[in-house]
Amino acid sequence: MSFFHQDDHAQHILDRDSAHLLPVYARYPVVMDHGKGVYLYDTSGNRYLDLMAGLGVNALGHAHPRMVAAMADQAGQMVHLSPQYASRYPGELGERLCDLSGMKGVFYSTGGSEAVEGALKLARTHARQNYAHSKLEIVALYGSYHGRTYGSLSVTGQDKYRLDFGPGLPHVRFVHRNDIAGLRGAVSDATAAVLMEPLLGEGGVHVLDNEFLAEARTLATKHGALLIFDEIQSGLGRTGTWFAFERTGVKPDVLILGKPLGGGIPLSALLVNEELFDSFGVAKHGSTLGGSPMACRLGLEFLSIVDDEGLLQQVSEVGEYLFAGLKELESDSPLAVEARGLGLLLGLELNVPMRPLAEQALAEGVMLNSVQGNVMRFLPSFLLQREHVDHAMELLRRLLKVSAAEEHAEQLAAAAV
């Protein structure tokens with residue numbers, strides 16, 4: 001615990017967690033207390049520059065005063081309401097999301113996995129309603145990540161998540177990202193949907209080629225399949241535009257959003273085009289807690305703050321600055337393989353395990369995220385400034401230099417044996 005500067009009170013909390021919480025997360029032994037802007041503070045009095053933002057959820061940082069005020073006000077009015085009744089904010093948020101995306105309608109859920117489940121159900125019912133022949137297949141990508149529920153896990157293209165829970169849903173086919181020939185071979189008249197992230201996040205931060213996305217659109221249209229874009233991580237301003245697909249010229253039939261939408265309150269959205277607006281019908285789909293008055297009000301406030309504070313421009317500018325810093329690390333460090341990504345969804349692939357570096361950075365007050373074992377993923381809040389980037393880059397240069405020296409010494413020692 002001394003490595004992470006945690007006191008006895010923090011150790012008591014960690015011990016209690018170990019005794020009662022299922023050990024499904026590779027947690028760092030640090031106990032957080034509160035946050036402000038781009039910083040988090042632990043119970044032992046230490047401050048951390050947060051470059052994870054709750055895995056992309058806290059896009060406005062911590063304790064944004066307008067979000068706090070909206071949350072407190074709504075808590076005094078109505079937090080939850082049965083979806084069988086109407087309230088003000090779900091429709092207002094839906095109208096705003098449709099205006100931004102060009103979609104027609106919205107269905108709310110509590111999280112990204114649940115929204116992916118809804119998209120899979122929508123694809124199947126659309127196929128059954130419109131085609132006499134069997135049309136069951138879902139085409140997804142190797143390396144993709146769509147969630148942990150049974151359906152969303154079945155279309156996640158990573159064996160490490162699926163193998164213990166298989167066999168999974170049938171009729172799922174995977175192709176490699178940017179493999180146009182493979183995509184053409186997989187999509188057919190039996191395909192109900194083509195599902196992909198325009199920018200793979202958990203899969204290692206890989207931007208899909210525009211040509212690949214355009215071919216997915218062409219094939220989906222040709223074969224009567226739905227094109228579904230999962231923008232749970234890349235959407236809602238993360239790449240410097242409201243949606244990553246805006247940069248590509250390719251519009252999906254279905255758009256899935258989540259993470260920052262509810263301002264930290266669970267909220268995801270399944271957006272559909274006009275053709276699909278009535279596909280579910282009454283009582284065929286639902287979510288008891290989806291689209292609560294509280295979550296939808298915070299969603300509206302989140303979108304307003306992004307507009308009012310010019311945060312899309314800030315994401316683009318600071319994202320470019322951070323990306324330039326990562327490209328320098330790529331050039332300077334023998335441990336860095338490639339920097340990639342868009343906006344403030346960036347990654348630096350390493351040729352060594354990432355976890356030790358993340359632990360060292362945390363001990364020095366910077367929170368980093370590791371995916372795929374060797375990729376440093378950056379999902380900071382939209383409030384990030386250049387001075388924060390400078391601080392993080394200075395630390396990373398030093399840590400990578402030390403790690404490279406240690407790696408070299410180990411290689412020399414191994415060669416001498």
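Me: Two strands pair if DSSP finds at least two bridges between them. Which residue in β10 stands opposite L195?

Reply: I228 of β10 stands opposite L195. This is a predicted model, where local features need pLDDT of at least 70 and side-chain atom pairs pLDDT 80 or more, while totals for chains, interfaces and linings use all residues. Numbering starts at 1 along each chain as its sequence is written, and side-chain values use heavy atoms, without hydrogens or water.

Me: What makes β7 and β10 a pair?

Reply: Four bridges join β7 to strand β10 (residues 226-230), in the parallel sense. The cut-off is at least two, so they pair.

Me: How many bridges join β5 to β7?

Reply: Three bridges join strand β5 (residues 137-141) to β7, and they run parallel. V139 has V194 as its bridge partner in β7.

Me: Why is β7 called largely enclosed?

Reply: Six of the six residues of β7 (residues 191-196) are buried, so the rest of the structure largely encloses this strand. Buried means under 20% relative accessible area, exposed over 50%, partly exposed in between (1.4 Å probe, protein chains only).

Me: Why does R173 count as partly exposed?

Reply: R173 has 35% relative accessibility, so it falls in the middle class. R173 lies in strand β6 (residues 172-175).

Me: Which residues is R173 in contact with, leaving aside neighbours within four places in sequence?

Reply: They are E137, I138, V139, A140, G185 and A186. Contact means heavy atoms within 4.5 Å. R16 is another matter: its C-alpha is 43 Å from that of R173, and 157 residues separate the two along the chain.

Me: What span is expected of α1, and what does it reach?

Reply: α1 (residues 8-20) has 13 residues, and at 1.5 Å a residue 18 Å is expected. From first C-alpha to last it reaches 19 Å, close to that value.

Me: What caps the N-terminal end of α1?

Reply: D7 does: a side-chain oxygen of D7 lies 3.2 Å from the backbone nitrogen of H9.

Me: What covers the buried residues of α11?

Reply: The cover includes α10 (293-308), β13 (336-342), β14 (345-350), β17 (375-378) and α13 (386-416). Among the buried residues of α11 are L311, V318 and L329.

Technical notes:
Expected span 1.5 Å × (residues − 1). Polar contact = N/O pair within 3.5 Å; in protein donor to acceptor, adjacent residues only side chain to side chain.
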